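Biologist: Hi! I'm new to this one, could you walk me through it?

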Amino acid sequence: MQFHHHGYVSGDPRIQAPAGTGIDRPAELPEHMDVLIVGSGPAGMLAAAQLSQFPAISTRIVERRGGRLAIGQADGIQARSVETFQAFGFAEAITSEAYWITEMAFWRPDAQDPTKIVRGGRAKDDETGISEFRHLIVNQARVLDYFAEYAARSAARLVPDFGWDFQGLEVSESGEYPVKVTLVRSDGPDAGATRTVNAKYVIGADGARSKVRSAIGCTLAGDKANHAWGVMDVVASTDFPDIRLKCAIQSHDGGSILLIPREGGHLFRMYVDLGEVAEDDNGNVRNTTVEQIIAKANHIMQPYTVEVRNVAWHSVYEVGHRLTDRFDDVLPADLGHRSPRVFITGDACHTHSAKAGQGMNVSMQDGFNIAWKLGHVLTGRSPESLLSTYSAERQVVAKNLIDFDKTWSSMMAKRPEDFESPSELEDFYVRTAEFPAGFMTEYTPSLIVADTTHQNLATGFPVGKRFKSAVACRVCDTNPLQLGHQATADGRWRIYVFADPALPGAASATTDLAEWLGSAPTSPLAATPAGGDDDAWFDIKVIYQQPHEDIDINAVPAVFRPQVGPFRLTDLEKVYGTVPDADIFDVRGLSRDGVVVVVRPDQYVAAVLPLTATDELAAFFAPVLAA
């Protein structure tokens, strides 16, 4: 990380100096604000953390609880989410305290004695190297803690306003703060008191029973599978040999268990199959006691036993798959005629089972998607039309998630004799590994995603999918680094220039591109406000094809060595060479003629272009940048 460019820093460099709304931030909710976030779950806290990097924006996040979440129901952290944590600076810390999933075991009835289960197979969690990050298990509460710490340390000093429950909202057609929100005090000595605040935009991150969703006339539509599961986090004494492995356990006549070891070395979670639910059950299955869930688990796991010593948490739920028809307050008849003012995220707009481990992960990407867009609109970087891409992009992702979860949930509930082969569940898990890892999201062409005309120049960076990191060598200090890890959640676009074969200083397409970027009125950099850092809106890095020893950093074009900070210091950390035994050009299928890869602030590839395509690069950014 970089610091000192504003002067010597002797304390924790992760704590930014207060700026903008972070200076003398009012402890009480103000009457007016730019963004009001309702709910401090994963989607809400990530949105708050991203917006905290725009200190000129007044952002508040209200939560009906009186304080931080003590124990969360979600716990699966896919590798895509850990990539996101890296951008927010805490991937290493949370990985160190988490449980790492490296393998999954599949248990099924013993062919010789079906009343007993035996291990039938194992599957590597990431056999093909989808990501350099781990698949983790860690309590949702800790994820929220890390995002809260990040936001509180930001220049905006953003912290949740606990003890406020959302009651309703009204959206006006005019006014600077057109969304009037009614809140009620849910905690503290003044509980029951009501308050009205006014916002430019509202993000509803208030869960499956979302009042924000109801206020904008959205409903969850879908179905229930009429199948119930008991879930419990426990510590126990057991002779089951794979108690510290993720396991799918199928019994002959008792149903199934999904076993998830938890962080800390002793705690584990069990999703225990409670069977089909009668149409006239009327929710009675939810009265199933934890003792009954434990008994059912022991029946499924014969000949092994589980003696539960402590229950941290338990619940009973019926599998449901529901989705809203829109993720904002713009009715279909108004599309193209007005911009959205209210957005819903996470469980407020999509619900599904927990067994695929997707809910928290997809919800966080919802928050990331809308937050950077609001940041750009409210700071004048982009037009309001950018906001309409949120619902268009994320609804498709949620639909794909629900379709996947329906298949996975139904397979987990099937009886062993109903499978075409004993390994069918294992085979499905391996075959679809990219989806639960979080890497199947692929945004289609739009205002912020170009077409794939030049995809052949960078086959390892598919347009619309997340930027998959690879190693390059930073020239100034000769450190081999994951290139993607150098991109923080600071709201900037990334432009990666993978150079042609010429060295810096020689006439080349790379040199011509650099000249255009730094001086042309149609260059996206021309929109950067005067007086700030040269790279305030765009982080541009160049990766040469040679090893670092061959690169004269003083010959590198100035646009790749921007001036930053009040002392106008030269940033040398944007110039890279290749690593001989892991050449990024080979690893990511990059053209040796050179290629430009444009990456959005939320880490998704937006465009792949030739080095000479300055007109196309200008045309891509023209509608994205405010006139």
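Predicted model: local features only at pLDDT ≥ 70, side-chain atom pairs only at ≥ 80, totals over all residues.

Biologist: Which residues does the UniProt annotation "domain: Phenol hydroxylase-like C-terminal dimerisation" cover?

Modeller: According to the unreviewed UniProt entry, that annotation covers residues 441–625. Over this stretch the chain is 12% helix and 20% strand.

Biologist: Is strand β21 buried or exposed?

Modeller: Six of the six residues of β21 (residues 493–498) are buried, so the strand is largely enclosed by the rest of the structure.

Biologist: Which way do the residues of β21 point?

Modeller: Trp493, Ile495 and Val497 point one way, while Arg494, Tyr496 and Phe498 point the other. In a regular strand, side chains alternate between the two faces of the sheet.

Biologist: And which strands does β21 pair with?

Modeller: With strand β22 (residues 538–543), β21 pairs in the parallel sense over six bridges, and Arg494 sits opposite Asp539 there. With strand β26 (residues 595–599), the pairing is antiparallel over five bridges, and Ile495 faces Val598.

Biologist: What do β21, α10 and β22 make together?

Modeller: They make a right-handed β-α-β unit, with helix α10 spanning residues 509–519.

Biologist: New topic: how many residues of helix α4 are buried?

Modeller: In α4 (residues 140–153), 10 of the 14 residues are buried, including Leu144 and Phe147.

Biologist: What do those buried residues pack against?

Modeller: Their partners are α1, β3, α2, α3 and α7.

Biologist: What happens at the start of α4?

Modeller: There, a side-chain oxygen of Asn139 comes to within 2.7 Å of the backbone nitrogen of Ala141.

Key
Residues numbered from 1 in each chain as written. Heavy atoms only, no water. UniProt positions renumbered as here; feature names shortened; annotations may be inferred. Helix = DSSP H or I, 4+ residues; strand = E, 2+ residues; numbered from the N terminus. Buried < 20%, exposed > 50% of the residue type's maximum accessible area, 1.4 Å probe, protein only. Pairing = 2+ DSSP bridges. Right-handed = clockwise from strand over helix to strand, strands pointing away. Expected span 1.5 Å × (residues − 1). Contact = heavy atoms within 4.5 Å. Polar contact = N/O pair within 3.5 Å; in protein donor to acceptor, adjacent residues only side chain to side chain.
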